[in-house]
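Here is a brief report on the structure shown below.

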Number of protein chains: 2
Amino acid sequence: MPELRKDPIVQRWVVMAPDRAKRPSDLRDEPTVVDSEFDPFAEGNEDATPPEILAYREHGSTANGPGWRVRVVPNKFPALQVEGNLDKRGDGIYDMMNGLGAHEVIIECPHGETNMSRLSVENIREVLWVYHDRLVDLKRDRRLVHALIFKNKGMLAGASLQHSHSQMIATPVVPITIWEEMSGALEFYNYRGRSIFEDMIQQELATGTRVVLDTANFIAFCPYASRFPFETWILPKQPGSHFENIQRQAVDELGQVLKTILRKLELALDDPPYNYVIHTAPFNHAELPHFLWHIEIFPRLTRVAGFEWGSGFYINPVFPEEAAKFLREIDV
Amino acid sequence: MPELRKDPIVQRWVVMAPDRAKRPSDLRDEPTVVDSEFDPFAEGNEDATPPEILAYREHGSTANGPGWRVRVVPNKFPALQVEGNLDKRGDGIYDMMNGLGAHEVIIECPHGETNMSRLSVENIREVLWVYHDRLVDLKRDRRLVHALIFKNKGMLAGASLQHSHSQMIATPVVPITIWEEMSGALEFYNYRGRSIFEDMIQQELATGTRVVLDTANFIAFCPYASRFPFETWILPKQPGSHFENIQRQAVDELGQVLKTILRKLELALDDPPYNYVIHTAPFNHAELPHFLWHIEIFPRLTRVAGFEWGSGFYINPVFPEEAAKFLREIDV
């Protein structure tokens, strides 16, 4: 059984998910060439994955057979287990609970496309709706308090399969980054009575130098204190702390915005490995006036990250103003 | 001029250090084979580095010539600059200052050794004394408030040269990880009137399952909520928030402890890339009863770190109890 354990100093939760009987010397994650012969995520290979949780399908097609457009399955090697009780307990100064949660894979298209940016806008919108639907469903499970939606694109970003996909990990605890953002934003709100995200959007639009894309409902920009070269955030202009409360028109627009930003990054950086993460408020909070759901995208260009892991101190060789200018000028 | 910029939501400082006129497409950090033909850190090649800041030398030898045992030079490509004023300023909701600071390289031995663990205990002790001496010296610069000492070993851990070395980055701000540890530890102290580090040492010694090494003045253990497989911390048993206040006998012992732990990790994990970081309290604080300086060592075995970057949520495939047992049983 996996365990969730909390660091007692900084209150960071970690998932302990034992890797089936590996010896320490097998741990090294060598750059394995992804097997391109067989694609377990392709239409027709549905029996290569666990049975589907959700699929957007053509009328008359059958579950776990062909005829789907976007498909969600449990991760074959889940970090957390769905069945059981949390059994929260202490051990002296330490806190832990059973590693309960959901770990799902969102297969974004039936064909063997590697780049989300090359999917049609309509396809990307359906991926966003699947994110929405899964959040709404998982929220009903009272043991879970948060779900993190993320994408690993490319081997160097942690992807083990090339077929365009994203993942969702729902947990009975709040990831520390979300918790820190909520705390920081709350402090600002208590002090100034405004949402820091709204202030940020206002200032970014007024300044303009870090803006990559500005649409009716969204702004994409390279943040002022970017940790990584070409780090890009997408923020909705309408208040909303929970992604699952997104409205129809916003999804329509976000599909195009996400496609455009990913395409710009690919053209600027020669199809880089990247990650994106959707930051959204915990299930067990009502709408929070100080928080705003958003997407953070990190191209993975530099490997000098060990020091940063240990210190939280990032050295970024590219000013966000330069990255944004470069991205703005790329026609897609 | 590099800049220090603060993320207004989570208050994390980032160094913006523009990389001399690189084009975005040149940013990709491909696994460059380290040039083994020429070693700029070797004795006799002193003119391949900037002039030395400090060196432990044989009597009669001359600065920037042969005859040294441990040598400190400015980083040839520094992330921060030593000269100038901080010029702290705001820009709307954002805060920034000039990228002032020191970025130094500690060359740990005159010969081309790659593994610190193979240096003599006496040699490692001198490296620790150099850390001490540099901290004491940098502390005198009132513009600086903290110095981070760290090691990148191996290409995958961010090292660009194989010759055994570590680095020090002194900054006018406190890195967020140090700040969060201090805050968390202070909260515990205010609530319970005890240092969380002392409680942790007590519990680890009582439990024993996560202990790797237990000496008169130090404990090395795999922390309860380890983020990475075989993550190992070294804590002094005597209170002390500032590494630079370490005592002579402790340095003598720490040299042996560090050598032993690094050697055990190398044998267990087949000479892995790794990072270590020394967490020490800021210069501008007096002795803090709630904080304890310590060393955190992270073998770099898994590359799935992009998601973790974005969420702070780590998935560790190895229980610390198993890692510690494995390390304990290795004879060195």
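Two strands pair if DSSP finds at least two bridges between them. Strands (E, at least two residues) and helices (H or I, at least four) are DSSP runs, numbered from the N terminus. The model is predicted: local features need pLDDT of at least 70, side-chain atom pairs count only at pLDDT 80 or more, and totals for chains, interfaces and linings use all residues. Residues are numbered from 1 along each chain as its sequence is written, while chains are lettered from A and ligands numbered from 1 in the order in which they are written.

**Strand 9 of chain B**

Start with Ile169(B). This residue of strand 9 of chain B stands opposite Leu148(B). Ile169(B) also stands opposite His103(B). The strand pairings follow.

| Strand | Partner | Bridges | Sense |
|---|---|---|---|
| Strand 7 (residues 102–107) of chain B | Strand 9 of chain B | Six bridges | Antiparallel |
| Strand 8 (residues 146–153) of chain B | Strand 9 of chain B | Five bridges | Antiparallel |
| Strand 15 (residues 314–316) of chain A | Strand 2 (residues 13–16) of chain B | Three bridges | Parallel |

Burial is counted from C-beta atoms placed from the backbone: a residue is buried if 20 or more others lie within 10 Å of its own, exposed if 12 or fewer, and partly exposed in between. Strand 9 of chain B spans residues 165–171, and six of its seven residues are buried, so the rest of the structure largely encloses this strand.

**The contact between chains**

Contact means that the C-beta atoms of two residues, placed from the backbone, lie within 7 Å. By that rule, 73 residues of chain B touch 73 residues of chain A. On the chain B side, helix 2 (residues 176–192) gives the largest share, six residues. By class, this side has 41 nonpolar, 16 polar and 16 charged residues. Here Ala, Val, Leu, Ile, Met, Phe, Trp, Tyr, Cys and Pro count as nonpolar, Asp, Glu, Lys and Arg as charged, and the others, Gly among them, as polar.

**Chain A overall**

Chain A has six helices and 15 strands. Its C-alpha atoms fill a box of roughly 50 × 50 × 40 Å along the principal axes. The radius of gyration is taken over C-alpha atoms, and the globule rule is 2.2 Å times the number of residues to the power 0.38. A compact globule of 332 residues would come near 20 Å, and chain A agrees with its 20 Å. Of those 332 residues, 50% count as buried. Among contacts in chain A between residues at least 6 apart in sequence, 68% join residues at least 24 apart.

**Two domains in chain A**

Domain bounds come from an automatic or database domain assignment. For chain A it gives domain 1 (3–16 + 36–173) and domain 2 (180–328). Their C-alpha centres lie 22 Å apart. Across the boundary, 26 residues of domain 1 of chain A are in contact with 23 residues of domain 2 of chain A. On the domain 1 side, helix 1 (121–138) and strand 8 (146–153) of chain A are the elements that give two or more residues. Helix 1 of chain A supplies the largest share, nine residues. That side has 16 nonpolar, six polar and four charged residues.

Which value does phi of Gln11(A) take? It is near 65°, a positive value in a residue other than glycine. Gln11(A) lies in the loop between strand 1 (3–6) and strand 2 (13–16) of chain A. It counts as partly exposed because it has 17 C-beta neighbours inside 10 Å.

In chain B, Gln11(B) has a positive phi of about 65° although it is not a glycine. Its loop lies between strand 1 (3–6) and strand 2 of chain B. Gln11(B) is partly exposed, with 17 other C-beta atoms within 10 Å.
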